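Hello,

Here is the structure I promised to pass on. Have a look at it first, and then read my notes below.

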Amino acid sequence: MNQTAKVLEATGIRKHFGGVIALSNANLVCRSGRITGLLGANGSGKSTMSKIITGVYSADKGEIKYNGRPVRYRNPNEARQDGIAMVFQNLSLVADLNVWQNIVLGEEENKGLFLDNRGAMEHSRAIVDQLLPDLDIRKMVHELNPGEMQIVEIAKAISENPKLLILDEPTAALEQAQVKSLFDTMRALVKKGVAIIFTSHRLWEVMEICDDIVVFRNGANVASIDFAKDGKDPEKIIGYITGETKEAKTEKKARTVSGETVLQIRNLNYSRFLKDVSFELKKGEILGIGGLAGQGQHELMLALAGNYPGATCDAKLNEKKIRLTRPAYAIRNSIHLVPGDRQLEGLFLSHSLFTNIIFPKLGLSRQPLFTPRKKYRKECQGVIDSLSIVTHNMDMPVNSLSGGNQQKVVVGKWLSFDTDVLLLADPAKGVDVGAKRDLYDYIVGQVKENKMSVILYASDNEELIQYCDRLLIMYEGQIVATLEGEEINDETIVATSMRVR
Amino acid sequence: MNGKNNNAVASALKRFVSNHDFPRLLILIAMFALTAVMQKNFFAMKSIVRNINSFTPLILLTMGQAVVIISGGLDLSVGTALSLLTCVATSVMRQGLPITGVYALLVTFAVAMAMGLINGIGIGFFRVPPLIVTFATSYIWLGIALFLRPTPGGETVDWFQVFYKIRNIESAPASLKAFGEIIPPALVLIILGCILWWIISRTKTGRYIYAVGGNSESAYVTGINTSWVQIKACLINSVFIFLAALFFVGQSRSGDARMGDPLTLKAIAAVVVGGIALTGGRGSVYYAFVGALIFSFVSKIIFFANIPNAFQTLFSGVIIIIAIAGSQLYTLSSRKEMEESKLT
């Protein structure tokens, strides 16, 4: 077999963050002149693996050999000097420098006493020309659109002439044509003997560009496929990603969803994040929003809660036209949001439970001049009891609570309101199992009594499968599929999310 | 006139007007014109020199402050640092011993660098918020200055006036005196400062100051030694403070532990008027110069407008707020226009 030299060989990598095991026993081999695809569901350990190779994290256990020599980088700089370049998911550009200054940043060369700006511009121009010839390299980076920024980020990595290039979801922000020129560049690099690790959620891209793939699941590599030898079978790959053995599903409690429409959204548009999103929410329904991470789900939730003045849509609540351009409008119409980032968007962390829970009331019209403290304290105790929030008393600051109990407080804020539509953005993120069950039990109970309808976005498919009556799959800001009944299963969700079906 | 030509002129004008710094230049021109109208013989050589002399310290301190702010820092100790340098210089010099002036130059420069180094290490190395570090050090500088010179005074050598008015030095050669009449020493100091920044802005250090101030996390992953860059920014600031101190000692021929106090916040405000973001990474050191000039003209206008003493401070505050708000509004509206044109 004409195997090329191993550039990178990682064996038995283990890494945990606190109690969470990100990688249990991961292995990865990259060969020069080949593109290796890394695949896996959200949180399967792909990004952690890339970051361990480049020295952003250090592994708890395991060995990494680079060109046959064991290495252990303490920071990204050491890896860079050895010829390992990584394109980060969260961009590493300086917004207030222009394109070429960013590309040569840290690699500037002098001509005499001063910087060789002309040489740097020529060098940058040559690299950018391969990727995006129309880009003006004198533009400031903060003037670029996300796709162009991603291109500059890639150009910055290539300009260092790496031996191993790690691309962590480089195509997420790119348009079709840009993806194509990126692939052309990748092929040219590979011809020169560079090894590339390519991560993407888009299966068709991986199948197009990669020579072989490694599938990660729950922190370990579960399969390696050499496309030339084993062929390309998307169904088989999805099987590896989701795992064949499924845990016994909890019985979905039967609910009766009435035919009455509570919320009707037509043609919701917001910048580049949401494109013509239309759907109906029935009374007593839990409507799920799924798909790969970052396809506009977060923006959809915020738009529905009135956070984007620039969003346009025709919205009807109980047959009545409403506007959703300010949070206050949404709240007045009994649309309440439990935001995804509770610490940043949902809570006043250093204030007491009491303050946090009664806070939305203070914004009501006809609020008495002096807060009826006694009455509110009673109500607050009611909230704490009905959500079983674990705390000594309601005057404890919220940041003394566990993540799960904090999330209950966010939900509790809306408890004394008549909620028509509850928007839940990833409510179980960073919440322990017990609190998660309490939370969902309460919400399902409310829905069952026909007290409210719920729109639920969860990054964990299991939650969607367990609780949703209908499931909308989002892709690049659009709803691409609606799943109902038996269709709501892991395999169908992953397949429709990656658009292979 | 034909239409084509007209169009070209219009588009050039439009480009100039949509320039981010256009409102600031407009304000500067307005202030300049107002002062010129109000001050009698504004264009007479004597008044020009007098104006330059009164503007110089603020201009130098503002440029130094701008370097620190662009690197993501802030220096609350510039005023007391300036005071301390004047006290150090006047303590080293002995009247009638010209050589002590050279000692004073060396010692003062060393003290300036030491102060920059201390601030820089606190900000860049120990990662203490710049506000805290320099607030604390400002008291240390003041304490030392008060120890050296409890009351204003001290000795200087005759030739130190080379930094203020060469004509006053009896022993100076005639040619130097003539030169001083054409180009006042204060202007030479400012030009020196500009040349210094011109050189630095063309080296890695200049680029890195912007990178670190703009996004120190990104700069760090790109392999830039961010601590060292912040220390260097503080050292550059110290050079500007040093130049301002030379001018002061030349002018007042004494040291004063409290003379610099009002300049600290003035310099910071002038940096903001010059369009430099307090969050770092954005703006030009030369525009700090513009900001300082606007500030200086404002005080001139107030002085010549015969506004009663009691209201002068109030008025200067109001004018500055109007100037900043005006340029902010302008930037916001032009940015909105730009975004709208991008969408269509």
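Before the notes, one definition: buried area here is the accessible area, taken with a 1.4 Å probe, that two parts lose on being put together, summed over both. Please also keep in mind that this is a predicted model.

Let me start with the domains of chain A. The chain is divided into domain 1, covering 6–242, and domain 2, covering 261–497. Taken over C-alpha atoms, the centres of domain 1 of chain A and domain 2 of chain A are separated by 36 Å. Seven residues from domain 1 of chain A take part in the contact, along with 10 residues from domain 2 of chain A.

How much area do domain 1 of chain A and domain 2 of chain A bury between them? The figure is about 740 Å², with 59% of it on carbon and sulfur atoms. On the side of domain 1 of chain A that touches domain 2 of chain A, the residues divide into three nonpolar, three polar and one charged. Across this interface the rule finds zero salt bridges.

The structure holds three cavities of 30 Å³ or more, and the largest cavity has about 160 Å³ of space. Its lining is made up of 14 residues. Those nearest the centre of the largest cavity are Arg80(A), Met86(A), Phe88(A), Glu160(A) and, from chain B, Val221(B).

Best wishes

Note on methods
Residues numbered from 1 in each chain as written. Chains lettered and ligands numbered in written order. Predicted model: local features only at pLDDT ≥ 70, side-chain atom pairs only at ≥ 80, totals over all residues. Heavy atoms only, no water. Domains from an automatic or database assignment. Contact = heavy atoms within 4.5 Å. Salt bridge = Lys/Arg side-chain N within 4 Å of Asp/Glu carboxyl O. Nonpolar A, V, L, I, M, F, W, Y, C, P; charged D, E, K, R; others polar. 1 Å grid on protein atoms, 1.4 Å probe; cavity = no way out; pocket = protein on both sides within 12 Å on 5 of 7 lines; lining within 4 Å. Points joined across faces, edges and corners; volume = space filled by probe spheres on them.
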